[in-house]
Amino acid sequence: MTTSERLADFAAGLRYDDLPPQVTREAKRLLLDTIGCGLGGHAVEKGQMAVAYARRMGGAPEATVLGMPGKLPAANAAFANGDLMNALDWNALLPPSHVPPYVMPGAMALAELEGRSGRDLITALVLGMEVAGRVGRSLGGLRATKGGYPLPVWGISSNQLGATAAAAHVLGLDAGKMLHALGLAAFHAPVPSHVKYNYTKEVGYAKFAPSGWMAQGGVTTATLAQMGYRGDTSFLETERGFWAMNAAPAWDEASVLDGIGSDWVFLNAAYKFWPTCGFYQSPLDALTALIDEHDIQPEEIDEIVYAIEQFASIPKYTTTEPNDHIEAAASGPYILSVAAHRIPRGPGWQARELLEHPGIRALMKKVRHEVNPRSETLRHQDIEVEGRPYLSHRPADVRIRARGQAFEKSLDFANWLSIGVEGCIPTDEGLAEKFRANAEGVLPPAQTEAVIDAVMSLEDVGDVSTMMEQLAAQELARVSA
């Protein structure tokens, strides 16, 4: 059997009883975190426009859009939820990079439509994240080169395979139709656009890849395959396979299947405590500790210097003139200025009101990036020496000049983001608190708590539609800072 065929066999045959407890637990935690980010996505234009577009398309009431009254066709709901979940750049990082907003929405929509159980949904989500991660890592790593820079061409198109696998599993496709579904996904996958995103300041709302489009594509390809629509059944193989389609320099074919079903790639999940790019998690930890410890007020600050990896020195990440929330989430000067103003951590960090805040805009001019030499040393240790699938060390040195003094703090790890580091892994209650912050202003408190309980006990939910209906709002959410 080919690698494509064996992957399809695994995808069609996976069952809930095959999943160890730590796998089901992490899947629920990731689902809670991702749904929360989707509710928070109503605070910014990307999320708001996605919902407005999906509503405009109309159609049969099949699936719930987070924070919206009523239902829409499953594919349209998947589109809106995918864009909502990725709008804030607050979702967890899994190999190969951002995965849940692409993989989860289609499976959720179809599970609601088909009346599947919580166990069915958990299995589908695990499968989708695992397929995306395994195929993605086989194409090369995001931080494969010196300085943490990506490969010349790199992207997360493998998420389309994960989205399709998850959706097809919900539909109960056998191995033959699963193979056709994955073959369709390989041809529906967008071009690898992550590097273009890195080097383009005004990149627009699609970001590093179109999350809503790929989520919708999962529903489309799985449903077409269910109907008998044929796909390329050798999508991974040969010198012209998926790796070549993605301009990867090589293909580590063995890594797609080695340990599959026992060595779970998606468990290397790095959560985000702060609503911004992964670059800034540890600098924000250090900065907020300094301003709290020394009671530093924003008007007292003469300069903030944050020393992190070299990759963060390119113009996109150092701009002091962000035009929208996508640019703001990637801007170190903006994000550290927001934190220095003690704005409560939440989806409002990227709202239009803060982008136009005079104090934040003034302080941005006093924030600058330096290259931290420990970043390259520790990146090399994590990725090339230890062979980790993602960074564990996130070194940051932060210096604040204020009141004629210098206040400094250094960290090697980021709260929540540093994988496998004791004290950095978020607790269930920590994730629930983040969920509450995202849901505020979108769902009533009692409804919020009901969703948290349902997600964290998802294996006991007989029909996913009951949980999804708790995620609908009585009226369309309008969230601001």
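About 120 Å³ of space lies in the second largest cavity of this predicted model. Its lining is made of 14 residues, with E309, S375, L391, R394 and P395 lying nearest the centre. Helix α19 gives the largest share of that lining, 3 residues. Sorted by class, the 14 residues come out as 4 nonpolar, 6 polar and 4 charged.

The largest cavity has a volume of about 170 Å³, and H98, L142, R143, H194 and C277 lie nearest its centre. Strand β4 (97-98) and helix α9 (194-198) each give two or more residues to this lining, and α9 has the largest share, with 3 residues.

There's also a pocket to look at. In the largest pocket, the residues nearest the centre are G140, G141, I383, R388 and P389. Helices α6 (118-138) and α19 (373-385) each supply at least two of its lining residues.

| Space | Volume | Lining |
|---|---|---|
| Largest pocket | about 340 Å³ | 16 residues |
| Largest cavity | about 170 Å³ | 18 residues |
| Second largest cavity | about 120 Å³ | 14 residues |

Now for a pair of helices. How do α2 and α20 pack, and at what angle? Helix α2 (residues 21-40) meets helix α20 (residues 428-439) at about 20 degrees, and their axes are 7 Å apart. Because of that angle, α2 counts as roughly parallel to α20. Their crossing is left-handed. Among the residues making the contact are R25, R29 and L32 of α2, and D428, L431 and A432 of α20. By class, the contact residues split into 8 nonpolar, 3 polar and 5 charged.

Terms used. Residues numbered from 1 in each chain as written. Predicted model: local features only at pLDDT ≥ 70, side-chain atom pairs only at ≥ 80, totals over all residues. Heavy atoms only, no water. 1 Å grid on protein atoms, 1.4 Å probe; cavity = no way out; pocket = protein on both sides within 12 Å on 5 of 7 lines; lining within 4 Å. Points joined across faces, edges and corners; volume = space filled by probe spheres on them. Helix = DSSP H or I, 4+ residues; strand = E, 2+ residues; numbered from the N terminus. Axes fitted to C-alpha atoms, helices over the stretch in contact; angles between N-to-C directions. Parallel < 35°, antiparallel > 145°, perpendicular 65-115°, else oblique. Left-handed = near helix turned anticlockwise from the far one by under 90°. Contact = heavy atoms within 4.5 Å. Nonpolar A, V, L, I, M, F, W, Y, C, P; charged D, E, K, R; others polar.
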